[in-house]
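Here are my notes on the model, point by point. Please read them with the coordinates open.

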Amino acid sequence: MKTLEVDLGTRSYPIHIGTDLIDQPNLFSACEKASSIYIVTNTTVAPLYAERLTKTLEKLGKPVRTIILPDGESYKDWKNLQLIFDDLLKFGADRQTMLVALGGGVIGDMTGFAAASFMRGIRFIQVPTTLLAQVDSSVGGKTGINHPLGKNMIGAFHQPVTVIADLNTLKTLPPRELSAGLAEVVKHGAIADAQFLDWIEANASALLGCDTNAMGHAVLRSCEIKSAVVSADERESGVRATLNFGHTFGHAIEAGMGYGEWLHGEAVGCGMVMAADLSCRLKYISKAEFDRLTKIISSMNLPIVPPKFGAERYMELMQVDKKTEGGKIRYVVLEKIGQAQIKSVPDAQVIETLTATGAA
């Protein structure tokens, strides 16, 4: 097992990465002062891991309940968030109750938002079971739900007290979900560590085969990169926004297609191709570097051609983005491989990218 720290002063917390971690009650020591523990999971993950986690948590001598939500991005909304509150209120949860998010990014985001909101804030633990959640969404305290007009536009910053990434849970992921998670792994290399991107390129087969050693390194390095950025800029007032490389275009794809049609990682992967094309047009990276990054994304079995909504529709969708300031869309572009920046770009150049990539 490897452990690293997200350094946020009194709100710092550990990220544990290893195998069979779900079965280790000592890793859940933050629950020892809880009055009760509620596992929040979904219909897909519950049959796989809920009973195991319940047995582990019961060893701490606390009552444990499980809340099971429907599975999928389309359920990341007010209606299903309310199911968590309904259960907490019905069964007498209080300010000492601990929530445990067992699942992927949707479950982690919704559980975190529930924890941020219930009785004005209670503690929660992240137990991410998808690659995307382990390398990205479980770390950093971003919580929330989707709105029909924009992804993740309603939420709060609320840090977990622990993140427990059990690599063995990745073995039950469908290939499509694994590839979606690899998009965020590639992103971390592209924006922050050129040598890591080299490693990803060289180890694509091992990653797609869910080799435990390869996954361990991918999760650890991704979490190191993200935790360093979060520690420097918790509330995304500056450098943290670079973690959204590919996301402005990607969120537009998700909203335009309807949440759940494309997996988040698929949309981000394709969005990175679009953002890299824009970076090339701005003469930050070369055509050869753009082609190489596109090839790496494609090698992860991710789409590289966006849906054809037309330029006007894409611009409309991207206007509803958290990086938009004063009505101007701000894009994350690559200054070079391994280094990103946030930039306002003339619409004409963005439309050139939309046209060149097949979106318009």
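**Notes on the predicted model**

1. Just after helix 3, M119 takes a positive phi of about 50°. M119 is not a glycine. Most residues other than glycine have a negative phi, and most peptide bonds are trans. M119 sits in the loop between helix 3 and strand 6. M119 is partly exposed, at a relative accessible area of 34%. Buried here means under 20% relative accessible area, exposed means over 50%, and partly exposed is in between, with a 1.4 Å probe and protein chains only. Helices (H or I, at least four residues) and strands (E, at least two) are DSSP runs, numbered from the N terminus.

2. On the ground rules: this is a predicted model, local features need pLDDT of at least 70, side-chain atom pairs count only at pLDDT 80 or more, and totals for chains, interfaces and linings use all residues. Residues are numbered from 1 along each chain as its sequence is written, and side-chain values use heavy atoms, with hydrogens and water left out.

3. E236, a residue other than glycine, has phi near 60°. E236 belongs to the loop between helix 8 (212-232) and helix 9 (247-257). At 17% relative accessibility, E236 is buried.

4. Back to helix 3. Residues 105-117 form this helix of 13 residues. From first C-alpha to last, helix 3 reaches 18 Å, close to the 18 Å expected at 1.5 Å a residue. The expected span is 1.5 Å times one less than the number of residues. Twelve of the 13 residues are buried. Among them are D109, M110 and F113.

5. What is the strand order of the open sheet of seven strands? The order is 1-2-9-6-5-3-4, with mixed pairing. Strands pair if DSSP finds at least two bridges between them. Strand 1 (2-6) and strand 4 (64-69) are at the edges, each with a single partner strand, so one side of each has no neighbour in the sheet. Neighbouring strands are turned by 20° against each other on average, direction ignored.

6. Inside that sheet, strand 6 (residues 123-128) and strand 9 (residues 162-166) run parallel and are joined by two bridges. Q126 has V163 in strand 9 as its bridge partner. Helix 1 (residues 46-58) packs on the sheet and touches strand 3 (37-42), strand 4, strand 5 (98-103) and strand 9. Its direction makes about 170° with that of strand 3. Helix 2 (residues 78-90) also packs on the sheet, touching strand 3, strand 4 and strand 5. The direction of helix 2 makes about 160° with that of strand 4. Contact means heavy atoms within 4.5 Å. Axes are lines fitted to C-alpha atoms, for helices over the stretch in contact, and angles run from 0 to 180 degrees between N-to-C directions.

7. S137 is in helix 4 (residues 131-137). S137 is buried, with a relative accessible area of 14%. Leaving aside neighbours within four places in sequence, S137 contacts G105, D109, Q126, L132, K142 and K226.

8. Helix 10 (residues 264-281) and helix 11 (residues 287-299) pack at about 180°, axes 9 Å apart. Helix 10 is therefore roughly antiparallel to helix 11. The cut-offs are under 35 degrees for roughly parallel, over 145 for roughly antiparallel, 65 to 115 for roughly perpendicular, and oblique for the rest. In helix 10, G269, M272, V273, A276, D277 and C280 meet K287, F290, L293, T294 and I297 in helix 11. The contact residues divide into seven nonpolar, two polar and two charged.

9. Strand 10 (residues 330-336) and strand 11 (residues 339-344) run antiparallel, joined by six bridges. K336 has Q339 in strand 11 as its bridge partner. Two residues lie between the strands of this hairpin, where G338 takes a positive phi near 95°. V332 lies in strand 10. V332 is buried, with a relative accessible area of 3%. Residues touching V332, not counting those up to four places away in sequence, include A241, F245, A275 and I342.

10. Last, S36 lies in the loop between strand 2 (13-18) and strand 3. At 11% relative accessibility, S36 counts as buried. The C-alpha atoms of S36 and A93 are separated by 7.1 Å, at 57 residues apart along the chain.

Key:
Nonpolar A, V, L, I, M, F, W, Y, C, P; charged D, E, K, R; others polar.
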